[in-house]
Amino acid sequence: MKRVLVATLAVFVLVGCVSARSNKKADKEAEQAVADSLTRIEAEKYLSIGVDFYRKKLYEEAIENYNKALEYVSDYYAAMVAMAKTYQDMKDLTPAEEWYRKVYETHPDSVAGYLGLGGIFLIKASMDPLYYDSALAIYQEGVAEFPEESDFYHGIASVFENKGGVKAADSVYVAGLGVNPDNLGLRNSYVNFLTDHDRYEEAYENELYIVNAKPEDFIAREKLGDIAMKLKKYTEAEEAYLKVIELRPEDVDVRVKLGNLYLIQKKYSSAETRLKEAIEMDSTKLVPRIYLGVVYLNWDKEGQAEATFKEILSLDANNGDALYFIGTIYVRRATRAVKQTTKEAWQAGCANARAADSYFRRAISADPSSNSGRANKQLEYLEKVRTELKKKLFLQGITEC
């Protein structure tokens, strides 16, 4: 009995020791978890500050805070990616490549390292074509690791395209979609590739596939409409734009596109309605007003067109489009005067010609790259009109025009 009692006491002592050790271990683990949690919070704080600086394009300050975040958590994925991206935006490719490589090595289960390195190699390839092979290798490795990630296929295709292999690039997209036809990101990249090469019929079919898969995607709908416009599929474009308005009632820009569609079809009343809607929704935008003025010009409502363009000039005195189109209105009036039969009409024609000349020269001065060509053509024509008016006035003893 004594032996049993001793043995029992020994077991209790042993259990007590083990229990004490377990409690100490649990306490240490709990303390470490708390410490890790606090460290992570500090790291997240500095990352957040860095991101705020980055958004303000204060890159040096952003990097300083990313470094502080990494002092707390050395393998902090978000901070490492942010660091690489910031250096890339600074066009400092060497540290950008180094940080993307750290992400690639430290976090092989994420796509950022692969895509980042591939992107840096593509940029460097524009200076040294040998980097195309490096980009291709990293993108192919990425595809093997992440077959669902469409950006890798796009990267491979970009390498082939930049090396002059458009057919090879096309085959990459086709092969990728063959493996996974429902990879909509890849299909969207393929649509961009097709439109870049003016292959609008194929682009339309692929974009339609995306729209059918995601009928509530207003971005895809609008893109479908844009491609349909290139193909002059006006009914399909109209349906797409109207659906965008249904899905996104506050969208101003798609109303302008719809107005342009109706302008092309000479449905001037419908165009006017949609463009006025756009103007009412955002009175600061000038593009809807410019299109509205063009609608009135084509609708032979010169007075309303002139009033619209002058309203634009009251908001932006150097708007090249408004200056140019007002000039065309005065050209029309000067041209009509040639066919008149009175001295007063011819003199009025000369006054309109001078006004047109002034507006065209202001348009060229406001935006030479956009307006020089079209304005100079109008000025050449205008000179012929003035010559005819001068001939008529000369017979009346008037030499100025």
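Me: Hi! Which residues in α3 are buried?

Reply: In α3, the buried ones are Ala79, Met80, Ala82, Met83, Ala84, Thr86 and Tyr87. Buried means under 20% relative accessible area, exposed means over 50%, and partly exposed is in between, with a 1.4 Å probe and protein chains only.

Me: What sort of model is this, and how are residues numbered?

Reply: This is a predicted model, where local features need pLDDT of at least 70, side-chain atom pairs count only at pLDDT 80 or more, and totals for chains, interfaces and linings use all residues. Residues are numbered from 1 along each chain as its sequence is written, and side-chain values use heavy atoms, with hydrogens and water left out.

Me: Back to α3. How many residues does it have, and what does it span?

Reply: Helix α3 covers residues 77-89, which is 13 residues. From its first C-alpha to its last it reaches 18 Å, close to the 18 Å expected at 1.5 Å a residue. That expected span is 1.5 Å times one less than the number of residues. Helices here are DSSP runs (H or I, at least four residues), numbered from the N terminus.

Me: What follows α3?

Reply: Lysine 91 does, and its phi is positive, near 60°. This is a positive value in a residue other than glycine. Lysine 91 sits in the loop between α3 and α4 (93-106).

Me: Is lysine 91 buried or exposed?

Reply: Exposed, with a relative accessible area of 72%.

Me: And what about the phi of aspartate 198?

Reply: Aspartate 198 has a positive phi of about 60°, although it is not a glycine. You'll find aspartate 198 in the loop between α9 (184-196) and α10 (200-213). Its relative accessibility is 55%, so it counts as exposed.

Me: New topic: how do α11 and α12 cross?

Reply: The axes of helix α11 (residues 218-230) and helix α12 (residues 234-247) come within 8 Å and cross at roughly 160°. Axes are lines fitted to C-alpha atoms, for helices over the stretch in contact, and angles run from 0 to 180 degrees between N-to-C directions. The two helices are therefore roughly antiparallel to each other, a label for angles over 145 degrees.

Me: Which residues meet there?

Reply: From α11, they include Phe218, Arg221 and Met229, and α12 brings Tyr234, Ala237 and Leu247, among others. Contact means heavy atoms within 4.5 Å.

Me: Last one: where is leucine 130?

Reply: Leucine 130 lies in the loop between α5 (112-125) and α6 (131-145). It is exposed, at 61% relative accessible area.

How values were computed. Angles under 35 degrees count as roughly parallel, over 145 as roughly antiparallel, 65 to 115 as roughly perpendicular and the rest as oblique.
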